[in-house]
Amino acid sequence: MKRQSLLLTIALLTLGTLVPATVAGPAAAAAPVGATPTAGHQHPQVLGVGGAGAYRIGASLAALTAAGHIDWTASSCGGVVHAGATGSWAGVILLAFRDGRLVEVGTATAPPHSPAGASVGMSFAELEDIYGRRGSLIRNDAGDAEAYLVRVGSRVELFTGHPIRPGVGYFQVGPASFVERNFRQGTAC
């Protein structure tokens with residue numbers, strides 16, 4: 001990795017540990033300097049392994065629904081329920097709950113971006129420049145799809161390919177036991 005990229009990565013990591021991803025208010029909703037304004041969406045720009053905004057990994061579907069944070073749900077198999085967010089996150093993130101607990105937050109839009117600055121639309125080479133040895137390009141067990149995986153403890157950031165063009169088409173976070181497993185092996189049913 002180039003020295004300048006390494007210094008930038010270290011600076012972003014340091015900043016990411018000092019600024020929580022869920023800070024509320026106008027400052028958190030502002031786009032980073034030099035970023036293209038996001039029309040119609042005034043939400044924090046960061047999606048990390050802990051989730052985004054009220055959508056924290058491990059949160060209860062019942063509690064989020066009662067608080068008005070869930071727009072729609074669609075039951076799947078194996079105790080998995082997919083859901084849509086409300087408010088400024090509507091149309092930006094998709095949610096997956098297993099046994100009533102949030103296990104995945106994903107997006108096909110940019111922003112949001114990861115704490116390190118990675119997002120949908122980037123190439124896998126750009127992700128390598130950002131993450132270096134912390135991430136790796138992986139393939140699913142069938143060998144017909146690739147993704148860029150970043151481990152953060154027992155959780156992951158996973159950037160999967162775009163169906164039409166090279167690079168990232170979907171960015172998701174959550175426990176490796178759910179997010180990475182589903183990518184590598186497919187859904188259980």
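**Notebook: salt bridges, sheet and core**

I began with Arg151, which is partly exposed at a relative accessible area of 47%. I use buried for under 20% relative accessible area, exposed for over 50% and partly exposed for in between (1.4 Å probe, protein chains only).

I note that this is a predicted model, in which local features need pLDDT of at least 70 and side-chain atom pairs count only at pLDDT 80 or more, while totals for chains, interfaces and linings use all residues. Residues are numbered from 1 along each chain as its sequence is written, and side-chain values use heavy atoms, with hydrogens and water left out.

**Salt bridges**

I took a salt bridge as a side-chain nitrogen of Lys or Arg within 4 Å of a carboxyl oxygen of Asp or Glu, and found 3 of them in the structure. Which residue does Arg151 meet in a salt bridge? The partner is Glu180, at 2.8 Å from N to O. This pair links distant parts of the chain, since Glu180 lies in helix 5 (residues 179-185) and Arg151 in strand 8, 29 residues apart. Helices (H or I, at least four residues) and strands (E, at least two) are DSSP runs, numbered from the N terminus.

Arg184 is partly exposed at 25%. I recorded Arg151, Glu180 and Arg184 as linked in a network of salt bridges.

Arg139 and Glu146 meet in a salt bridge at 3.6 Å, N to O. Arg139 is partly exposed at 43%, and Glu146 is partly exposed at 32%.

**Sheet**

I counted two strands as paired if DSSP finds at least two bridges between them. The open sheet has 8 strands in the order 3-4-5-6-10-9-8-7, with antiparallel pairing. Its edge strands are strand 3 (70-75) and strand 7, each pairing on one side only. Neighbouring strands are turned by 25 degrees against each other on average, direction ignored. Axes here are lines fitted to C-alpha atoms, for helices over the stretch in contact, and angles run from 0 to 180 degrees between N-to-C directions.

I looked at strand 8 (residues 146-152) on both sides. Strand 7 (residues 135-139) is joined to strand 8 by 5 bridges, and Leu137 stands opposite Tyr148. Strand 8 and strand 9 (residues 155-161) share 6 bridges, with Leu149 opposite Leu158. The hairpin of strand 8 and strand 9 has 2 residues between the strands, and Gly153 there takes a positive phi near 65 degrees.

Which residues of helix 4 (residues 124-131) are buried? I listed Phe124, Leu127, Ile130 and Tyr131. They sit on the same side of helix 4 because they cover an arc of only 110 degrees around the axis, taken from the directions from the helix axis to the C-beta atoms.

A nonpolar core is a set of buried Ala, Val, Leu, Ile, Met, Phe, Trp, Tyr and Cys residues joined through side-chain atoms within 4.5 Å. The largest has 32 residues, with Leu127 and Tyr131 among those with the most contacts inside it. Helix 4 gives the largest share, 4 residues.
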